[in-house]
Amino acid sequence: MCGIVAYKGPKLNAGKVVFDGLKLLEYRGYDSSGIAIHNNGNVEVFKKKGKVKNSEKLFKNSKISSNIAIGHTRWATHGEPSDVNSHPIVSYNKKYTIVHNGIIENYKELKSLLEDEGYKFQTDTDTEVLVNFIESCTSKSEDFAKGFSYALSKVTGAFGIVLMVNNNPDILYAARKGSPLAIGQFNGNFILASDASPIIKYTNKIIYLENDTFLKISGNSFKIFDFKLKSKNKNFIEVDLELQKVELGKYDSYMLKEIMEQPNSLTQTMLGRVKDNDITLGGITDENGNNLIEAKRIIIVGCGTSWHAALTAEYFLEKYLKIPVEVEYASEFRYREPIIYKDDVVFVISQSGETADTLEATKIAKKKGAVVLGIVNAVGSSIARETDEGCYLHAGPEIGVASTKAFTSQLLVLFMIGIKAGYLKRHISESKYYKMINQLKEIPSKVDEIIRESSLIEKVAKKIYKKDHCLFMSRGNNFPVALEGALKLKEISYIHAEGYPAAELKHGPIALIDKNMPVVVICTKSDEYEKILSNVMEIKARKAIVIGVLDPKNFHMKKHFDHYIEVPDTSKDFSPIINQIPLQLIAYYCAIYRGCDVDMPRNLAKSVTVE
Ligand code: G6P
């Protein structure tokens, strides 16, 4: 969602730093962009609907060079995507200019207060309300900090903001409640951004601003305060993120890069954890390991693709831990007064570690006294910090909006946790434990086998990319794979797609089937494959275009499919990782053939920082 980049310092060209940074944040999803820059006593704003390059062009024509600027990519919430609704936004009396990520929930109430004071509004945004409210509160206060912190404390909702003082190019403010903000400092230069990627080119020592705090940069120093004006410590952390990991390299899109690098990302996920004949998960202490082993129930919470990873894990964890596992959408969990016991273990899954609903669910589960373990990719993110312990994915930064490598690494982490806990609970024998460890080690090379044959998958995609609809079906632990396959296809190619348990087709969706409906059937080694075959016959009889994902054990079924994709033989337990790869590639190639922007699909955001 919205991205913020700001720069202040003696050394660099602020306009360039801001636009370079905004381009690195494009992956978050946005529909307009802009910059505000101090220029000889004035603040000038250049903003435009559409891609970053649109506002950059406007800005470059101005030829302004300065050492303080704030920039933004906007993902519309209040008010349609348009030039006027884009950020930065200047306050009514032109004292301040703001960029904002988040949602101000009480904006209507604040707006009517401001209107009573004579404020007029030019945009439909909640952000204009915020900057005017700050202006109003600070003008009534004896000093800026008091008025500013008062204004921030009265706002409900979420915000990450950077505020320029229009008559003072030596000062910059930033504040956070919910939406993340990172700060890098080097030799009197400051870069602020929604995540670390625009900063790491300059420094890898970063502070993540804590919730309910604000920052004041003045000259070449800065201070952090909470909203009661109490000074806070500056907790720099070292971010292990290399620029080349966030650059495209030889690929045309991040999505393709991230699909292709899965043999490596999966290897990284296991690195140092799957050794010889043992699994060691350093992120979970013995105490919480014991809590997991003694837990009466596991609850797994996530959104989108992370929720599909949770659903896949439900099959595995119930099978090997022999306790109930409940999977919850974070957005539903947080509002339905969930019953959580102290001896529950709650896993929260999030690639970005910033999803607003998942973060809130984390806090609720913690408050109720459960052990809350995070399965997160983004190191140092809000969820990683909110959960006391857990396992990082170590899959490397994921930039493409549609999650690919994070999904397979999420599954791998959940499997590793399940194998270890199942073994310690004695539901997995020693010989089975060793066998499973060896099977895990083979996964990256099996994924590589599929990737090397991606041109065959491209041929299958070519058969269906012109269709308007597509169904995905499977059974058992591959049912969530069908859901995820459908999600990938709709996210990036805009083909309407749904996933179903194969037996459910008869309860409604079969009404949709005719000769124009492709149905992708994940039909690898499984106790239920005879049953899936019956379902295949049912849809074939209704003339569907049937596409099979088959492994060597099921190759004899080829004749029943119009097209098929072969995947390597693997254990049924781990087949969801293997089977997801061809579905990612089908979605990718369909989107490319339809001319879609796979990295920035319309309306979607990578990091959903508002609920
Ligand atoms: C967005 C992304 C999805 C992602 C979901 C949850 O919708 O576009 O790819 O699965 O958020 O994100 P998280 O970072 O919490 O896994």
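Leu317 is placed in helix H9, where helices (H or I, at least four residues) and strands (E, at least two) are DSSP runs numbered from the N terminus. The model is predicted: local features need pLDDT of at least 70, side-chain atom pairs count only at pLDDT 80 or more, and totals for chains, interfaces and linings use all residues. Residues are numbered from 1 along each chain as its sequence is written, and side-chain values use heavy atoms, with hydrogens and water left out. With a relative accessible area of 2%, Leu317 is buried; buried means under 20% relative accessible area, exposed over 50%, and partly exposed in between (1.4 Å probe, protein chains only). A separation of 8.4 Å is found between the C-alpha atoms of Leu317 and Ile419, which are 102 residues apart along the chain.

Helix H9, spanning residues 304–321, also gives the most to the shell around the ligand, contributing 3 residues. Of the 13 residues around the ligand, Ser306, Ser350, Gln351, Ser352 and Thr355 come nearest, a residue being near a molecule or strand if one of its heavy atoms lies within 4 Å of it. By class, the shell comprises 4 nonpolar, 8 polar and 1 charged residues. In this classification, Ala, Val, Leu, Ile, Met, Phe, Trp, Tyr, Cys and Pro count as nonpolar, Asp, Glu, Lys and Arg as charged, and the others, Gly among them, as polar.

For Ser306, a polar side-chain atom lies 2.6 Å from an oxygen atom of the ligand, and for Ser352 the corresponding distance is 2.6 Å. A polar side-chain atom of Thr355 lies 2.4 Å from a ligand oxygen atom.

Lys322 is placed in the loop between H9 and strand E19 (325–329). The phi angle of Lys322 is near 55°, a positive value in a residue other than glycine, and Lys322 counts as exposed at 55% relative accessibility. Lys63, in the loop between helix H2 (52–62) and E4, has a phi near 60°, likewise positive in a residue other than glycine. Lys63 counts as exposed because its relative accessibility is 71%.

Pro88 lies in the loop between strand E4 (68–74) and strand E5 (89–90). The peptide bond leading from His87 to Pro88 is cis, with omega near 0°.

Asp195 occupies the loop between strand E10 (189–193) and strand E11 (205–208) and counts as buried at 15% relative accessibility. The side chains of Asp195 and Ser197 are joined by a polar contact of 2.5 Å. A polar contact is a pair of N or O atoms within 3.5 Å; within protein, one must be able to donate a hydrogen and the other to accept it, and residues adjacent in sequence count only if both atoms are side-chain atoms.

Tyr341 is located in the loop between helix H10 (330–333) and strand E20 (344–350). At 48% relative accessibility, this tyrosine counts as partly exposed.
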